[in-house]
Amino acid sequence: MNIKEAIAYSKQRLSKLYDTGENGAITELLLVTLLGIDRTNLRINEDKKLTKTEELSLREYLLQLETGAPLQYVLGETLFYNLIFKVNKSVLIPRPETEELVLAVLKWMNGSAFKVLEIGAGSGCIAIALKKNNPLIEMVSIDISEEALTLARENAVLNQVQVDFKNLDFLDEKECTSLTSFDIIVSNPPYILPEEASKMECNVLDFEPHLALFVSNNDPLQFYKAISNHVSKPRNLVKSIFLELNQQFAAQTKSLFDPLIWSSTIIKDINNNQRILQLEKFNHLI
């Protein structure tokens with residue numbers, strides 16, 4: 001089949017899973033990635049024939065997509081902050097909203113050198129994007145999942161940056177005693193309640209890692225409380241904190257830091273949801 005026929009074939013196979021717009025976008029990205037060409041060349045080379053290998057790969061990709069598997073897992077990669085990241089079922093698929101978290105941190109740093117701690121490495125997308133766009137920072141990223149850290153390290157090599165990825169359980173205070181010499185903390189932690197699972201899309205619930213999605217104690221503020229407790233220690237040197245939020249609990253998350261000496265701002269995302277909590281120590285602002 002040629003490219004034009006491959007597009008029509010893919011759309012027909014996926015028509016029961018996605019609406020017309022999403023179907024077209026997925027089909028286009030699938031073929032762009034498979035053929036190693038850009039969207040413009042995809043359109044102007046409709047008569048170009050796929051090789052037998054490419055056609056077999058297309059059919060295999062479509063079989064996986066028909067199970068409900070997210071396109072990013074099927075392709076094994078995704079784009080985040082204009083960088084390519086490997087992804088698999090051990091890590092969450094990076095979301096566009098999280099790019100806004102990275103942008104907020106980069107704006108605050110303004111190209112200066114800082115020691116930055118990320119809590120919850122996942123694919124490494126946040127830490128790597130920060131380091132790539134500000135090489136002066138010293139970047140440490142922790143995660144409880146060794147499988148996630150293995151992939152994050154691969155992504156650091158892929159994007160040619162140095163990030164210190166560490167296997168550490170942030171909810172265990174004893175393991176966190178060494179994490180006190182950082183200027184900035186950034187985190188997109190688990191914040192979904194198990195009871196919310198019934199409202200989630202199947203391609204998220206059935207494929208993405210529950211360890212990175214759900215809190216373990218029925219408290220949506222579990223990680224935010226741990227972060228608040230961590231930075232309240234007198235020995236902690238943190239100047240600024242950037243947290244991705246569950247919009248349902250944005251105000252409650254902000255209130256966790258009210259007893260401390262922080263100024264706080266909630267930033268809305270591209271969808272007008274309360275998505276990012278930015279905190280700064282008052283004594284840092286003076």
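Predicted model: local features only at pLDDT ≥ 70, side-chain atom pairs only at ≥ 80, totals over all residues.
Mentor: Residues are numbered from 1 along each chain as its sequence is written, and side-chain values use heavy atoms, leaving out hydrogens and water.

Trainee: Why is S141 called buried?

Mentor: Buried means under 20% relative accessible area, exposed over 50%, partly exposed in between (1.4 Å probe, protein chains only). S141 has a relative accessible area of 0%, so S141 is buried.

Trainee: What does S141 touch, not counting residues up to four places away in sequence?

Mentor: With contact meaning heavy atoms within 4.5 Å, S141 touches E118, A121, A127, L149, V163, D164, F165 and K166.

Trainee: How do you know that the span of helix 8 agrees with its 13 residues?

Mentor: The expected span is 1.5 Å times one less than the number of residues. For helix 8 (residues 146-158) that gives 18 Å, and the end C-alpha atoms are 18 Å apart, so the two agree.

Trainee: Which residues of helix 8 are buried?

Mentor: They are A148, L149, L151, A152, N155 and A156.

Trainee: What makes them line one face of the helix?

Mentor: Seen down the axis of helix 8, the buried residues fall within an arc of 165 degrees, so they line one face; the arc is that of the directions from the helix axis to the C-beta atoms. On the other side, E147 and V157 are exposed.

Key. Helix = DSSP H or I, 4+ residues; strand = E, 2+ residues; numbered from the N terminus.
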